Amino acid sequence: MRGAWTWVAIAAAIALVAWLALVPLGFMLWQSVLSPETAAAAARFTLDNYRTAYASADTARLLATSLKFALGSAALAFAFGALLAWINERTDTPFKTLFFALALVPLIIPGILFTVSWIFLGSPKIGIINVALQRAFGTDAVFIDIYSIPGMIWVDGLHYSPMAFLLMSAAFRSMDPALEESAMMSGATLPQILWRVTIRLASPATAAALLILFVRALESFEVPALIGLPAGIEVYTSAIYDAIHAYPSEVGLASAYGVALLIITSVCVFLTTRISGRGSRYSTVTGKGFRPRVMRIGRWRYATAALFLVYLGLVVLLPFLVLLWSSLQRFYSVPTLAALHDLTLDSYRTVLAYPEIGTAIWNSVLLSLGSATLIMLATSILCWVVVRAKLPGRWLIDNLASLPLVFPGLVLGLAIMVCYLTLPVGVYGTIWIMLIAYVTRFLPYGMRYNTAALLQVHKELEESAAMSGASLGATFGRIVLPLLKPGLIAGWIYIVIVSIRELASSILLYSPGTEVVSVTIWELWQNGQYVELSALGVMMILVLFGFVMLAQYFGRRFGIAET
Amino acid sequence: MLSVKSLNTEYAAANGQVVKAAQDVSFEVPDGALFTLLGPSGCGKTTTLRSIAGLERPRSGTIEIGGQTVFSSDKGIFVAPNKRNFGMVFQSYAIWPHMNVFKNVAFPLEVRKVRPSRKEIEQKVMRVLSAVQLAEYVDRDATKLSGGQQQRLALARALVMEPRLLLLDEPLSNLDAKLREAMRFELKRMQRDFGLTTIYVTHDQSEALALSHEIAVMSEGRIVQIGSPRDIYERPRNKFVADFVGSTNFIGGTMVSASSGNGRCRVATALGELNVQCVENLAKGATVVVSVRPEDVELSEVEPAREADDNHCRGVVEAKVFLGDYLDFQVKVGESVLLARVHPSLRTPTGDPINVRMRAEKCVAIAEAVAPRAAA
């Protein structure tokens, strides 16, 4: 029978989730109705924050800019991702497996580095593309200006297109190829099949993917902060950041903005789950596994392969090369033959000599390994409770643990900051507050990996353990956990990667001594230390890339399903 | 008439290995006939069907229908599947979930180069839907149909285009047993009514025997025997066919005399010398197996009358299983065990002696050497 300690563990898990997900939210709401605290006046109840946030002349402009940016970025990411996913899953384009692996590389590159590299490429003054075109045509005209809404959309949309690629690949893969083949046998031409069958069948997945990308773009912090703020283009995330860094710090106003953002993302996430639920009707009629089949597109396959190459150039090669170039300079300059003679590794020496860098790397490693391990262990218990145990109210755990999904990173950082500034538990200003933030933020990913893994473990495997006399704890430890291992490891790797890239929450929570690598890169950017930033960036990308390679190698060796 | 000549199709499996799915496949199907490709999973029957459809591109061979070549490796001809006007029913039915019943059936007409008028489309769709008894469901969501209805909808969609050839890929395998039997008759009726040349793929031997004018049994990518259902069942050419189509007893032996083609011959076996039927040339002394169907192993408590050709022996009842409309007996004769399928009225207790009779024309001698691997 269920031992008492099992109940304690389950209760503790529920309490932990509630604490992580709900308490900071409460504090943020509370803060949003307080006036700023200054030396002269204590905080008091006010609705001014909401008035400033929603009833001023800027309200409409802020909302419009945010929506424009988010819609544009989502649409661009989707257009790239969906097209490439279709090419990859449904046509006989050559070198597909290689393309698939490479198209995921941008997910490894931290957003701040991707943004910086595109500033190096597309800035009107120092941008390599502009300089090259100006030299070629002998003019001073600015060809592209990254400091604009289209520029922001381009960088952000491009960076998140691999996400669209993954979502749509999964959608195309789960579609029975016979549905397209039967259209073919009915005499339909390729465009007719695409328009009347493929696109229609993929429409629930399309809607869900667009919503997810839209929410993601709304939450995006790096591009609005690095490109938007200097150009005076403000969206919600950068407005929150600005309000906090104003003097006196307007935490209440930031919270009021945060509430708006939270409402929009909540609605979208709710819609996404509704659509996915309804979509299962489409996902179809048969339970049979299908042999992957591709369409022969004849000579077009050279065009599709070329498209892939161009795309990879834009998202991987160009950004990496421009960082590499600038990391080998003494001072940042555009590539010329003269500059070619001045290549130096000085910047690497300088960066590695900073004592703060060592601390930052150490902090990043500690935080990412710590949060990944904590999350995967905690969510494996949580998921088991949600999926298997017949406890009343288990839906509550699922919803609570998924709640952080609607928190934009910056808003979560804000809420946690407010919470632990007020509560006298002594974590503010330490590395622990960042661990709390990471665990909260990435908890839903752990839930998702574990749920998926658990649903594949047949219930009878556990029941037979029970029939053999195992207690609930022994069943979990000796049957469930080992069977979950592939999912656990895949989720762990994913969380390590996203934790190392994390910037939006960390930027509000770090203090001297608890910087992480992404924050250091941010500081180097603010200080104008471009070559040092590039050197650190190149090293970070290489290390992350190596980590992923290693993970895949071990994954194959120990028979873990693809992450 | 459909004619397939020396068809070879291969594809790359997930691990990159080339799978030779269809090897040197040749057959002809007269107009209006139902031709079945029968074999265990992985024998290449679906690949052969998909090659005819044009969904797979064969490496070599020729496919002609009604005088038109739709595929020829020598002449470099490959007619795209959407230009062949073949109707096809997929194993998963491939009903489009985003269209209702009418739209699903109307699709093949709507995508035509010269699109028929709305009225004409409606007429044709309704005619086919009535034929498959789905007329009352015309406005229903296709996904809300039951398995049997979806199967008929898929058939309607294939019929509405008035195809030159109908391709059916295990169309009954997703239905439950009762429905499957009902649909078997339905299919046969509709195929006859529409007079369609049909290729039918199945792994179910009773389906194949029930429906076909002619059957090709496939194993490991090759056709091992082509013939009428009765031929295949009663005169299997090799061990694989005998074993895969129905259940059978194999009795090992050697030829006492040579045989030339069709006729009687004698085989020395553990049961003594048997009079058997030969269907091919077999040399004297050749190692053979004799195949006898369980229903042709006749059992009786009293000694039966002896006729010239019959084989007789005595055995002991070792075990028996009651199966409702018949009984399965295991009878030990010497060291070998024979399976006999008899009428439930035979009530001989286990352990009692019993008489066995096997008529010569029901015992088929098969050369051991040419037999491919037995069915799994």
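## A parallel strand pair in chain B

Strand β3 (residues 34-38) and strand β9 (residues 198-202) of chain B run parallel and are joined by 5 bridges. Within this pair, Leu34(B) stands opposite Thr198(B) of β9(B). Strands here are DSSP runs of E of at least two residues, and helices are runs of H or I of at least four residues, both numbered from the N terminus. Two strands count as paired if DSSP finds at least two bridges between them.

The model is predicted: local features need pLDDT of at least 70 and side-chain atom pairs count only at pLDDT 80 or more, whereas totals for chains, interfaces and linings use all residues. Residues are numbered from 1 along each chain as its sequence is written, and chains are lettered from A and ligands numbered from 1 in the order in which they are written.

## Two open sheets of chain B

Strands β3 and β9 belong to an open sheet of 6 strands in chain B, with the order β7-β8-β9-β3-β10-β11 and mixed pairing. Its edge strands, each pairing on one side only, are β7 (86-89) and β11 (222-227) of chain B. The twist averages 20 degrees from one strand to the next; axes are lines fitted to C-alpha atoms, for helices over the stretch in contact, and angles run from 0 to 180 degrees between N-to-C directions.

Another open sheet in chain B has 5 strands in the order β16-β20-β17-β18-β19, with antiparallel pairing. Here β16 (298-300) and β19 (336-342) of chain B are the edge strands, and the twist averages 45 degrees from one strand to the next. Strand β18 (residues 327-333) of chain B pairs with β19(B) over 7 bridges in the antiparallel sense, and Val333(B) stands opposite Ser336(B) of β19(B).

## An enclosed helix

Helix α4 (residues 147-159) of chain B has 13 residues, which should span 18 Å at 1.5 Å a residue; the end C-alpha atoms are 18 Å apart, in agreement. The expected span is 1.5 Å times one less than the number of residues.

Because 10 of the 13 residues of α4(B) are buried, the helix is largely enclosed by the rest of the structure. A residue is buried if 20 or more other C-beta atoms, placed from the backbone, lie within 10 Å of its own. The buried residues include Gln150(B), Arg152(B) and Leu159(B). The buried part packs against β7, α2 (101-110), α3 (118-131), β8 (165-169) and α5 (177-194) of chain B.

## The contact between chains A and B

In total, 21 residues of chain A are in contact with 24 residues of chain B, contact meaning that C-beta atoms placed from the backbone lie within 7 Å. On the side of chain A that touches chain B, α8(A) gives the largest share, 6 residues.

Technical notes. Two residues are in contact if their C-beta atoms, placed from the backbone, lie within 7 Å. A residue is buried if 20 or more other C-beta atoms lie within 10 Å of its own, exposed if 12 or fewer, and partly exposed in between; C-beta atoms are placed from the backbone.
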